[in-house]
Amino acid sequence: MVAMEESLGIEPAPERPSVDAAADFTRAIEHGRPDFAHGVILYLDDISVSFDGFQALNKLSLAIDVGELRCIIGPNGAGKTTMMDVITGKTRADSGTAFFGQNVDLREMSETEIARAGIGRKFQKPTIFENHTVFENLELSMKADKRVRTALFAKLASDERDRIAETLRLIRLDDAADNVAGLLSHGQKQWLEIGMLLMQEPKLLLLDEPVAGMSDDETERTAELFVSLAGKHSLVVVEHDMAFVARIARTVTVLHEGSVLAEGPMDRMQNDPRVIEVYLGR
Amino acid sequence: MGPIADRIASAIARLYGARGWSTLAAFALVLFVMFPLCNLVVPPGNPFYLSAYWVTLVGKIMCYAIVALAMDLVWGYTGILSLGHGLFFALGGYAFGMYLMRQIGSDGQYRANMPDFMVFLDWNEFPWQWWNSDQFWWCALLVVLVPGLLAYVFGYFAFRSRIKGVYFSIITQALTYAAMLLFFRNNTGFGGNNGFTDFKRILGIPITIPETRMALFAITGATLIAALLLGRYIVTSKFGRILAAIRDAEQRIMFCGYDPIQYKLFIWTLSAVMCGIAGALYVPQVGIINPGEMSPANSIEIAIWVAVGGRGTLVGAIVGAGLVNGAKSFFTQAFPEYWLYVLGLIFILVTLFMPKGVVGLWSQWKNRSA
């Protein structure tokens with residue numbers, strides 16, 4: 001497990017002694033390589049999205065620090081999933097800015113480019129390749145050159161096999177490596193998707209309801225995993241399971257009607273009258 | 001063993017197991033030994049004699065099988081249902097047909113050094129499309145380039161606009177229909193509704209003599225086997241697994257950092273090129289190409305072959321093309337007016353009772369008895 005975390009560790013932000021900041025900036029944008037020198041990995045400002053008159057996000061502003069584990073809670077329709085859609089390029093924001101690091105403008109990038117820049121996403125409903133084996137699921141999501149030419153002649157190197165084997169152990173599916181993924185239990189599918197995310201070696205992980213449908217034991221292990229990942233990765237977890245949130249959260253953001261209602265430590269949020277009203281009231 | 005020999009050995013093992021390779025060897029034996037022997041060596045009247053009818057029929061079906069393979073790569077593996085693959089087939093056929101028309105020389109009805117339809121239309125010179133068409137290499141190049149380029153450009157816009165599912169199918173159907181109308185016009189320069197026919201020679205050799213027919217048959221058989229192995233190489237590669245992943249969860253593959261447009265474009269264009277080559281092999285054997293090959297019904301039939309044989313198996317595509325076209329040539333002779341009903345019935349029965357097609361029957365039956 002420790003070796004796993006190390007192999008997943010992000011590289012430290014490069015030193016920037018250059019005086020020509022503007023040139024540096026353009027270069028970084030050109031290469032799509034995010035710059036985390038200021039300690040912020042994700043920066044959403046004033047994001048609004050509406051669908052046919054329904055205001056899904058309403059001037060949402062949010063900043064996630066490098067290495068942070070942030071939990072996002074909020075009643076149904078608060079805009080949690082839409083927020084993830086905006087970050088990953090699935091939905092375009094009507095207005096506002098979204099930056100990965102301080103230089104990568106997410107609003108101009110496709111889903112593929114955003115994923116390549118280092119943002120991984122787990123969907124609310126486990127989304128895995130159901131007709132592929134567990135092993136193949138991890139193989140396909142592994143960080144690699146993902147162009148057609150390479151894929152046609154790709155051959156798994158032994159260190160790549162080792163990494164897949166490591167992840168298989170981590171998500172406790174090593175016995176099921178050659179099974180078709182569609183036959184896994186719901187909880188196992190959740191774990192497989194988390195494993196796929198880790199194979200991608202993203203810098204930022206967005207996890208939409210990762211423990212839904214998991215047994216208590218599985219939930220506990222997921223909590224352990226997330227806590228151990230934080231620091232080396234940044235995590236944004238959307239979850240309804242309050243016990244789980246309380247277990248892992250350092251900072252909790254409460255969304256309501258498309259914007260941030262409150263933000264702070266979990267115990268303070270649980271006693272915040274506005275939060276209580278949103279969850280119980282009216 | 002050297003590293004190259006190593007690579008070849010591992011590729012052979014990857015493509016098929018012992019049973020697969022021996023089946024393929026048996027198939028090759030039938031094509032390359034039995035057919036030439038029974039057609040060219042065995043005298044007519046002998047019970048083992050195979051007439052030119054059979055050589056042409058099986059040769060034609062093998063061309064269809066290549067198209068079915070191409071269809072299976074995009075439909076069975078990538079989930080893109082094309083209802084316009086007949087267009088790429090016809091374009092390949094027309095490209096090579098131009099060369100065959102030029103090979104007629106001045107042996108046409110009008111004894112002019114031009115195709116008959118041009119003389120009939122009072123044309124004095126070849127239109128620009130016919131530039132260099134007396135050169136074999138040029139037409140062979142067009143066979144690949146024309147369907148390939150059209151598919152690439154069409155695919156680029158369609159995939160980039162994220163046109164999917166039934167919408168994509170309908171547009172491909174419209175594309176082949178539009179092309180058919182275009183080729184029906186005399187002004188398009190390809191013989192209007194009569195198309196090309198009455199071929200005399202290929203590479204200077206008479207086209208109707210048994211040896212030429214057998215050579216075309218053998219080339220078609222070799223191309224079919226090569227297409228099968230290429231398809232197999234693709235679907236067993238990481239690229240192939242990505243295609244299937246695009247089919248099952250395109251969203252996820254994007255969030256994994258793959259660009260599905262590039263992958264679709266590659267397999268779509270390759271598939272069109274395979275169809276073009278099949279069309280070029282078809283025309284000299286069947287002796288005619290006309291815009292009817294672009295009719296929407298033809299393209300739909302291609303999808304039926306693959307569905308009958310079994311999607312996403314490659315072998316199923318070949319089996320399906322063989323079965324449906326075998327049945328077609330039987331019915332259109334025995335009960336011509338009922339063929340379309342039979343075809344419709346086959347399609348319905350396969351959809352209802354054999355979701356995995358004919359080659360899926362075995363596993364279906366095994367699962368039931370288990």
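1. The largest nonpolar core has 172 residues. A nonpolar core is a set of buried Ala, Val, Leu, Ile, Met, Phe, Trp, Tyr and Cys residues joined through C-beta atoms within 7 Å; a residue is buried if 20 or more other C-beta atoms, placed from the backbone, lie within 10 Å of its own. B:Ala65, B:Ile66, B:Val67, B:Ala68 and B:Leu69 have the most contacts inside this core. H3(B) gives the most to the core, with 17 residues.

2. This is a predicted model, in which local features need pLDDT of at least 70, side-chain atom pairs count only at pLDDT 80 or more, and totals for chains, interfaces and linings use all residues. Residues are numbered from 1 along each chain as its sequence is written, and chains are lettered from A and ligands numbered from 1 in the order in which they are written.

3. Leaving aside neighbours within four places in sequence, B:Leu69 is in contact with B:Ala227, B:Leu228, B:Gly231, B:Met274, B:Leu314, B:Ala317 and B:Ile318. Two residues are in contact if their C-beta atoms, placed from the backbone, lie within 7 Å.

4. Helix H2 of chain B (residues 18–41) has 24 residues; helices are DSSP runs (H or I, at least four residues), numbered from the N terminus. From first C-alpha to last, H2(B) reaches 32 Å, close to the 34 Å expected at 1.5 Å a residue, the expected span being 1.5 Å times one less than the number of residues. H2(B) bends by about 35° at B:Met34, and B:Pro36 follows within four residues; the bend is the angle between axes fitted to the seven residues ending at a residue and the seven starting there.

5. B:Leu31, B:Phe35 and B:Asn39 of H2(B) are buried. Their cover includes helix H3 (52–77) and helix H8 (210–235) of chain B.

6. The domain assignment of chain B gives domain 1 (1–50) and domain 2 (54–294), with bounds from an automatic or database assignment. Their C-alpha centres lie 26 Å apart, and the contact takes 12 residues from domain 1 and 12 residues from domain 2. On the domain 1 side, the largest share, eight residues, comes from H2(B). The residues of that side divide into 10 nonpolar, one polar and one charged; Ala, Val, Leu, Ile, Met, Phe, Trp, Tyr, Cys and Pro count as nonpolar, Asp, Glu, Lys and Arg as charged, and the others, Gly among them, as polar.

7. Between the chains, 21 residues of chain A are in contact with 20 residues of chain B. H4(A) gives the most to the chain A side, with four residues. That side divides into seven nonpolar, seven polar and seven charged residues.

Definitions and conventions. Helix = DSSP H or I, 4+ residues; strand = E, 2+ residues; numbered from the N terminus. Buried ≥ 20, exposed ≤ 12 C-beta atoms within 10 Å, placed from the backbone.
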